[in-house]
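Reader: I would like a close look at a single part of this model, with the cut-offs spelled out as you go. Please take it slowly and keep the pieces connected.

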Amino acid sequence: MNRINKVFNKKKNLLSIYFTAGFPGINDTLKIIKELDKSQVDMIEIGLPFSDPLADGPTIQKSSEKALSNGMTTNLLFDQLKDLRKISDIPVVIMGYFNPILQYGIEKFCSNCKDVGIDGLIIPDLPADIFKKNYKIIFEKYKLNMMFLITPQTSNERINLIDDLSKGFIYMVSSYSVTGAKDSFDKYQIEYFKRIKKLNLSNPLLIGFGISNKKTFQAACQNSNGAIIGSAYIKYIENHGVSKTQDFIKLIKD
Amino acid sequence: MKNFNVNKDGFYGDFGGAFIPEMLFPNIDELQKNYIKISESKEFKKEFNQLLHDYVGRPTPLYYAKRLSEKFKTKIYLKREDLCHTGAHKINNTIGQILLAKKLGKKRIIAETGAGQHGVATATVCALMGVECVIYMGEVDISRQAPNVARMKMLGAKVRPATSGSKTLKDATNEAIRDWISNPVDTHYIIGSVVGPHPYPDMVARFQSVIGYETKKQLLKFENTENPTHVIACVGGGSNAAGLFYPFLNNKNVNIVCVEAAGKGVHSGESAATSILGTEGIIHGSKTLLMQTKDGQITEPYSISAGLDYPGIGPMHANLFRSKRGEFISIDDSDAMKWGLILSQMEGIIPAIETSHAFAVLDKMKFGKNDIIIFNCSGRGDKDLDTYINYFKL
């Protein structure tokens with residue numbers, strides 16, 4: 001069992017934090033991971049920056065642009081992560097668009113992930129069906145968990161396919177939206193969370209997109225196994241610095 | 001016989017498919033399941049053809065270019081898409097897609113635009129149908145294509161600037177996709193070229209194929225054959241080329257020539273010659289050839305013609321290139337501009353700069369006296385007057 005499955009077995013109301021590798025500073029990757037470790041978050045998602053992040057809102061777009069102009073590359077990220085498991089035991093997932101992974105070489109990418117101790121991958125523009133047909137074998141060879149997204153529009157039939165293919169958790173997109181912080185959920189979102197909860201899927205659920213504060217985090221936790229925060233954290237460290245990470249996590253968790 | 005059209009999975013050889021975030025799955029799935037059924041229905045065809053005839057002004061003429069033919073000692077025909085309403089072939093596709101969107105019950109239209117031609121063609125059909133219209137356009141393009149921005153506004157469209165990345169066509173496309181993610185139920189996204197996730201490349205090619213089918217019919221009257229020896233068109237994303245080539249894709253006796261923009265020279269660092277500079281990857285949901293860094297970051301192309309500076313080409317064209325079914329030629333800014341002037345002064349037709357690129361192959365390729373060459377005269381030059389004025393100090 002890998003770190004992702006273990007943490008879901010052990011804990012409820014998980015908090016997973018996303019950050020863009022290479023932002024705010026090119027060498028902040030391990031600093032951020034150390035801070036998140038100290039803050040006792042339950043999972044970390046490292047965003048591999050991409051020039052054209054289709055599913056992301058302005059905050060992650062800007063952080064990706066900055067990271068790329070800082071000089072972040074796939075090779076550099078793996079180099080920075082080589083001591084990852086000396087500093088933290090938290091499950092770590094890489095979230096990246098498919099094209100940079102394809103150019104790096106899928107097999108080489110997976111092999112490097114395994115070597116540095118990455119537990120899984122989220123590739124938002126690699127659809128479940130194409131993954132199953134063409135790439136599943138490679139990811140499984142390196143024991144990487146693949147996590148897929150569902151949205152309020154995803155049919156139950158497709159959710160079942162995604163549940164079969166996902167190993168670790170299902171990433172439940174909170175609304176019709178790209179990533180970005182929002183203040184609260186409306187009644188339609190809550191209904192959708194409840195509908196999915198009732199499906200009794202084999203994977204746990206993490207809610208992402210639009211989680212920004214204690215209120216949205218708690219609402220998400222009531223209807224799932226936890227939540228993912230990205231844009232709100234990126235904004236926070238941009239304004240207050242990476243060293244204030246613990247303060248941000250306290251705002252969410254305490 | 002090898003098939004150069006799309007297969008049932010949405011691929012052209014190695015290229016195509018639908019590499020989309022899950023948020024877009026229901027929309028793309030809906031289109032995949034319905035686009036052929038709807039667009040091949042009797043009712044749809046009747047409405048589509050009627051509008052192409054009454055509103056767009058089709059059929060566009062096939063014109064025998066006498067002076068050019070004499071000069072190059074061959075037979076040169078121009079398919080006059082520049083005479084379409086709104087000044088380019090783009091409207092064939094927007095008419096098709098707005099009818100499709102209505103059949104699917106969509107209430108709102110979004111589109112991306114680079115030079116503004118597709119934006120104008122989309123705003124036009126939205127006005128025609130009384131549908132809300134939002135056009136995404138890169139901030140940089142908005143400032144360099146002011147007349148088309150004004151046209152879109154006059155037609156009632158909202159023009160929203162794309163302020164991310166390089167602030168040009170690819171970023172406008174990203175913004176349109178993000179809008180669609182946020183408005184998946186009531187909105188249809190009219191993509192302007194044969195790019196994007198399946199079924200867009202095939203759907204747009206089908207709506208543009210009227211160009212090729214008309215050409216066949218018209219050529220029969222001139223030459224007693226439906227088949228030319230060469231079909232030639234400029235390729236940015238590739239929609240005017242796809243439309244002309246469509247009926248000839250699997251006819252090996254017809255040579256296919258794709259003309260790309262070399263910008264300031266293929267290896268100058270400022271070029272849009274994707275077949276030479278591009279590598280296989282994924283852009284806007286489609287596996288195709290695109291210009292990118294070795295790390296897979298998409299790079300910004302350059303051409304003097306705003307309609308050709310897209311960092312990818314459609315998957316149909318990527319397959320024509322890889323399979324060698326099509327010949328690819330790149331034309332730099334100065335040759336394209338020169339041919340804008342030649343066509344104006346030899347045939348009395350001021351072409352769009354995109355279109356000028358295609359004609360410049362007359363200096364690069366040898367043709368025989370019995371060859372029958374069809375150029376897609378895809379757009380007129382009004383929108384480019386400023387560029388022509390500055391370039392030639394007119």
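Reader: Which side chain meets that of B:Arg144 in a salt bridge?

Author: The partner is B:Asp309, and the N to O distance in this salt bridge with B:Arg144 is 3.4 Å; the term stands for a side-chain nitrogen of Lys or Arg within 4 Å of a carboxyl oxygen of Asp or Glu. Before going further, please note that this is a predicted model, in which local features need pLDDT of at least 70 and side-chain atom pairs count only at pLDDT 80 or more, while totals for chains, interfaces and linings use all residues. Residues are numbered from 1 along each chain as its sequence is written, chains are lettered from A in the order in which they are written, and side-chain values use heavy atoms, with hydrogens and water left out.

The domain assignment of chain B, whose bounds come from an automatic or database source, gives domain 1 (12-18 + 26-51 + 90-203) and domain 2 (58-87 + 209-392). Taken over C-alpha atoms, the centres of these two domains of chain B are 22 Å apart. In chain B, 33 residues of domain 1 are in contact with 38 residues of domain 2, contact being heavy atoms within 4.5 Å. The size of an interface is often given as the accessible area lost when the parts come together. Here domain 1 and domain 2 of chain B bury about 2,700 Å² between them, with 61% of it on carbon and sulfur atoms; buried area is the accessible area (1.4 Å probe) that two parts lose on being put together, summed over both. On the domain 1 side, B:Phe15, B:Lys170 and B:Val194 lose the most area to domain 2 of chain B, together 24% of what that side buries.

Across this interface of domain 1 and domain 2 of chain B the rule finds 2 salt bridges. Between domain 1 and domain 2 of chain B there are also 12 residue pairs in polar contact, both residues at pLDDT 80 or more; such a contact is a pair of N or O atoms within 3.5 Å, where within protein one must be able to donate a hydrogen and the other to accept it, and residues adjacent in sequence count only if both atoms are side-chain atoms. The residues of the domain 1 side divide into 13 nonpolar, 15 polar and 5 charged.

The area buried between chain B and chain A is about 2,900 Å², of which carbon and sulfur atoms give 54%, and in chain B the residues B:Glu22, B:Met23 and B:Arg178 lose the most area to chain A. B:Glu22 forms a salt bridge with A:Arg158, the closest N and O atoms being 2.6 Å apart.

Note on methods
Ala, Val, Leu, Ile, Met, Phe, Trp, Tyr, Cys and Pro count as nonpolar, Asp, Glu, Lys and Arg as charged, and the others, Gly among them, as polar.
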